[in-house]
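Let's take a look at how the pieces of this protein pack together. Have the structure open while you read.

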Amino acid sequence: MESEDELDMHDAHDDDDDDSVDNEEDFYSGGEDDAAAIDSDDADVGDYEFVDNDSDDSDDMVSYRHQQNYIILAEADIRQRQEEDIMRVSTVLSISKVAASILLRYYNWSVSKVHDEWFADEEKVRRAVGILEKPVLPPSNALELPCGICFEIYSRDNIQSAACGHPFCNTCWTGYIRTSINDGPGCLMLRCPDPSCGAAVGQDMINLLASDDDKKKYSRYFVRSYVEDNRKTKWCPAPGCDYAVDFIVGSGSYDVTCRCSYSFCWNCTEEAHRPVDCGTVAKWILKNSAESENMNWILANSKPCPKCKRPIEKNQGCMHITCTPPCKFEFCWLCLGPWSDHGERTGGFYACNRYETAKQEGVYDDAEKRREMAKNSLERYTHYYERWATNQSSRQKALADLHQMQTVHLEKLSDTQCQPESQLKFISEAWLQIVECRRVLKWTYAYGYYLPEREHAKRLFFEYLQGEAESGLERLHQCAEKELQAYITADGPSREFNEFRTKLAGLTSVTRNYFENLVRALENGLSDVDSQGTCSRTASSKSIGGGRSKGGKGKMSAFRASGSSRTIDDTDHWSCEHCTFANVKSFTICQMCQQRR
């Protein structure tokens with residue numbers, strides 16, 4: 001990296017550095033729509049800016065934002081797909097639809113797998129699946145036949161058989177089918193009741209002999225098998241949701257949003273958790289529910305009774321501790337020795353000097369070290385968990401506010417401001433963005449917890465980006481929650497409402513841009529920060545800034561471990577007081593919200 005393309009991150013109060021500027025650059029200064037309004041020949045790229053989308057990559061970012069690599073399937077869609085696959089196999093292999101459905105079920109609804117195996121060795125497939133090439137028919141001249149289960153003699157009208165020809169009475173068939181269906185989805189691979197026979201029992205026999213309730217259960221198992229046995233489809237994990245997701249494997253992000261509005265990760269079926277990977281989510285969830293944290297708390301905040309070894313938490317001021325019955329052992333909290341040995345020779349009842357002497361001699365070093373480590377570990381975990389949980393509760397509150405806004409307030413606002421609800425979509429979009437950003441911000445705390453302590457530069461940079469994200473989100477949330485309330489409760493139309501619309505839409509846009517770039521940066525492992533704590537110019541301008549400005553010189557930052565503050569040369573820009581957009585100095589009107597400087 002050349003020296004002119006490099007800007008060290010100095011302390012914001014370092015007045016001796018002639019190149020430093022006290023004004024902090026706003027990371028929320030652009031997006032696809034914003035950057036297009038600025039003549040890029042007039043300005044330089046800001047320091048490690050999350051904004052510069054006026055580039056060759058802007059189209060890619062737009063397509064990335066709107067890309068959908070999955071299809072939501074209702075039950076009718078699933079049945080239609082099943083029917084199409086069955087018909088395709090039946091036509092290609094010249095077999096009945098019942099046989100085709102048995103084949104597809106056996107090969108987990110993979111049409112290509114069925115074709116490959118069938119044409120490779122048809123006889124082997126028929127034998128494995130239980131499809132006979134020529135059905136065996138009972139003797140045509142027999143008027144009565146014995147049932148192979150109850151051994152009663154029945155007329156031919158009361159005897160049924162699968163393709164193998166083994167005769168069983170209708171009553172025994174019904175009982176056999178009912179038992180199999182009650183046992184679960186295994187009934188989809190039902191075979192002939194004869195122990196020596198492997199002939200498959202198809203859906204035609206089920207429809208002929210099963211009761212209505214059993215038919216419904218079988219049909220439900222049949223539909224669910226298309227999703228549960230197919231590696232490309234999964235059910236939405238939201239409680240009570242009956243939608244399935246058909247996912248294009250290997251197509252990028254695993255985030256899926258169902259029609260029920262629940263967002264989840266298709267790979268691990270936990271709630272959507274970008275920018276954290278599935279492995280980290282699994283560890284975090286396990287840690288939140290595991291007994292390990294309880295043990296850490298016990299170790300950090302209690303000591304074992306010297307006699308019975310039960311952990312004791314000290315809840316009063318003096319050092320005289322009495323264990324609970326039946327132990328009732330009295331001991332000193334400091335040295336864990338019997339209280340009967342304490343007196344003037346130990347420094348007084350409430351000033352035991354044995355502990356201090358023993359500590360100086362190193363007797364308690366290991367135990368104290370373990371207790372201190374457990375306490376520090378618990379405090380660190382509590383720090384991240386509390387903020388993770390707080391953002392989760394804030395997201396739930398934002399979802400409730402969004403629902404109330406859509407069902408109650410928008411109609412009222414439409415009447416008050418004399419505007420159709422179609423022109424108030426920017427409010428719902430802002431709340432949807434708040435909900436999504438709360439989710440991302442929540443998972444950044446799990447990301448930070450597992451970020452290695454030894455990577456000091458990455459940790460400092462991550463905390464800076466996280467702080468910027470929180471600041472920008474709070475601005476958007478306050479605007480959508482507090483400032484909007486004045487217009488909802490107003491008695492009549494307000495002239496400032498259009499200005500508010502521009503401001504809220506602008507904040508929504510720049511917040512979305514920032515969080516999208518933040519997610520990509522964290523998913524890349526903050527790879528632009530190397531082991532020396534410097535940022536790669538090429539990588540950062542692409543992965544964080546979204547591209548290089550057409551007319552300006554980029555200036556990347558070296559991230560110093562000695563300080564988390566930074567100074568940026570932003571003399572060519574001014575920040576709008578209304579939407580925080582970074583405008584070129586020559587402009588007097590904000591290019592985002594059209595407000596005067």
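Start with helix 3, residues 75–93, which lies across strand 2, strand 7 and strand 8. Keep in mind that this is a predicted model. Helix 3 runs at about 105 degrees to strand 2. Another helix joins in: helix 9 (residues 212–228) packs on the sheet too, touching strand 7 and strand 8. The direction of helix 9 makes about 120 degrees with that of strand 7.

| Helix | Residues | Strands | Angle |
|---|---|---|---|
| Helix 3 | 75–93 | strand 2, strand 7, strand 8 | about 105 degrees to strand 2 |
| Helix 9 | 212–228 | strand 7, strand 8 | about 120 degrees to strand 7 |

So what is the order of the strands in the open sheet? You'll find 2-8-7, three strands with antiparallel pairing. Strand 2 (70–73) and strand 7 (233–235) are the edge strands, and each pairs on one side only. On average, neighbouring strands in this sheet are turned by 25 degrees against each other, if you ignore direction. In general, strands of a sheet pair through backbone hydrogen bonds. Zoom in on strand 2 and strand 8 (residues 244–247): four bridges join this antiparallel pair. Here Y70 stands opposite F247 in strand 8.

Now for the nonpolar cores. The largest one has 52 residues, and I427, L504 and F515 have the most contacts inside it. Helices 10, 13, 14, 15 and 16 each give two or more residues to this core. Helix 14 gives the most, with 14 residues. A second, separate core has 50 residues, including L93, L104, C164 and L209.

Methods
Residues numbered from 1 in each chain as written. Predicted model: local features only at pLDDT ≥ 70, side-chain atom pairs only at ≥ 80, totals over all residues. Heavy atoms only, no water. Pairing = 2+ DSSP bridges. Axes fitted to C-alpha atoms, helices over the stretch in contact; angles between N-to-C directions. Contact = heavy atoms within 4.5 Å. Core = buried A, V, L, I, M, F, W, Y, C linked by side-chain atoms within 4.5 Å. Buried < 20%, exposed > 50% of the residue type's maximum accessible area, 1.4 Å probe, protein only.
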